[in-house]
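Welcome! Here is a friendly briefing to read with the structure open beside you. Take your time and look up each residue as you go.

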Amino acid sequence: PEGLLATVTVCLTLTAKRMASKNCLVKNLEAVETLGSTSTICSDKTGTLTQNRMTVAHMWFDNKIVEADTSEDQSGSAFDKEAPGWKTLERVGILCNRAEFKPGQDNVHILKREVNGDASEAAILKCTELSKGNVMGYRKITRKFVRFLSTQQISSKCLFMRLKIKALMATFL
């Protein structure tokens with residue numbers, strides 16, 4: 001990869017010159033120069049070789065890197081699923097994720113289920129499903145709770161409903 005930046009820069013420059021010879025105006029050659037001075041390129045390597053599948057292998061919470069169990073039977077390394085950092089990370093992984101399991105796969109192992117969504121979010125969805133279970137139910141309850149709080153005024157009835165919903169959410173936490 002040391003020669004990648006020089007190769008890409010030369011290719012882009014040659015392409016820009018070829019486009020100019022066909023009366024196509026290239027206005028911004030700074031992009032080529034910027035790419036030439038790039039020291040790090042980060043990319044998502046899923047796709048052709050990996051069949052667009054990803055798995056959560058490591059997580060960072062409570063100021064340490066934790067290894068996730070990537071085996072199908074979940075017999076590998078375990079981590080403290082009651083740690084406060086994990087609980088926060090898990091909640092974020094559940095609620096800030098647009099991936100969803102395709103319907104009709106209740107009897108399929110979690111890691112083998114098909115998912116609607118991109119590969120990164122699918123990996124996070126499967127990881128949280130293995131840890132917590134019933135992620136879709138948790139999302140449904142939480143979204144109802146958020147909608148309820150955003151539409152209600154403060155009253156004794158509202159406070160009672162909030163307590164009732166919090167108690168219901170506590171069963172999922």
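## Starting from F61

Beyond its neighbours within four places in sequence, F61 is in contact with V66, F79, A83, G85, W86 and L89. F61 sits in strand β1, and it counts as buried because its relative accessibility is 5%. Keep in mind that this is a predicted model. With F61 as our landmark, let us look around.

**The overall plan**

- The protein has 6 helices and 4 strands.
- Read from the N terminus on, the order of the elements is α-α-β-β-α-β-β-α-α-α.
- Of its 173 residues, 26% count as buried.
- Take the contacts between residues at least 6 apart in sequence: 48% of them join residues at least 24 apart.

**The nonpolar cores**

- In soluble globular proteins, nonpolar side chains tend to be buried together.
- Which residues make up the largest nonpolar core here? The 10 members are V56, M59, F61, V66, A68, F79, A83, W86, A123 and C127.
- Two elements, β1 (58–61) and α4 (119–131), each give two or more residues to this core.
- A second, separate core has 9 residues, among them I94, I110, A122 and V135.
- M59, a member of the largest core, touches K64, I65, V66, A68, F79, W86, L89 and C127, if we leave out residues up to four places away in sequence.

**Helix α3 and its buried face**

- Helix α3 covers residues 84–95, and at 1.5 Å a residue its 12 residues should span 16 Å; the end C-alpha atoms are 17 Å apart, which agrees.
- Which residues of α3 are buried? They are G85, W86, E90, G93 and I94.
- Looking down the axis of α3, you would find these buried residues within an arc of 160 degrees, so they line one face of the helix.

- Helix α1 runs over residues 4–21, and its 18 residues should span 26 Å at 1.5 Å a residue; the distance between its end C-alpha atoms is 26 Å, in agreement.
- The residues L5, T9 and A16 of α1 are buried.
- Seen down the axis of α1, its buried residues fall within an arc of 35 degrees, so they line one face of the helix.
- On the other side of α1 you can find L14, R18 and S21, which are exposed.

**A pocket to explore**

- Rolling a probe the size of a water molecule over the atoms shows where empty space is left.
- The second largest pocket has a volume of about 170 Å³.
- Its lining is made of V56, H58, M59, W86, L89, V92, G93, C96, I124, C127 and T128.
- The elements β1, α3 and α4 each give two or more residues to the lining of this pocket.
- Which element gives the largest share of that lining? It is α3, with 4 residues.

**Residues with a positive phi**

- Most residues other than glycine have a negative phi, and most peptide bonds are trans.
- N63 is not a glycine, yet its phi is positive, at about 60 degrees.
- Where is N63 found? It is in the loop between β1 and β2 (64–67), and N63 counts as exposed because its relative accessibility is 68%.
- N134 is not a glycine either, and it has a positive phi of about 50 degrees.
- N134 lies in the loop between α4 and α5 (135–151), and it is partly exposed, with a relative accessible area of 42%.

**E114 in its loop**

- E114 is placed in the loop between β3 (100–101) and β4 (115–116).
- With a relative accessible area of 48%, E114 is partly exposed.
- Leaving aside neighbours within four places in sequence, the contacts of E114 are F101, K102 and Q105.
- E114 and P103 are 11 residues apart in sequence, and their C-alpha atoms are 8.9 Å apart in space.

Methods:
Residues numbered from 1 in each chain as written. Predicted model: local features only at pLDDT ≥ 70, side-chain atom pairs only at ≥ 80, totals over all residues. Heavy atoms only, no water. Core = buried A, V, L, I, M, F, W, Y, C linked by side-chain atoms within 4.5 Å. Buried < 20%, exposed > 50% of the residue type's maximum accessible area, 1.4 Å probe, protein only. Contact = heavy atoms within 4.5 Å. Expected span 1.5 Å × (residues − 1). Arc of directions from axis to C-beta. 1 Å grid on protein atoms, 1.4 Å probe; cavity = no way out; pocket = protein on both sides within 12 Å on 5 of 7 lines; lining within 4 Å. Points joined across faces, edges and corners; volume = space filled by probe spheres on them.
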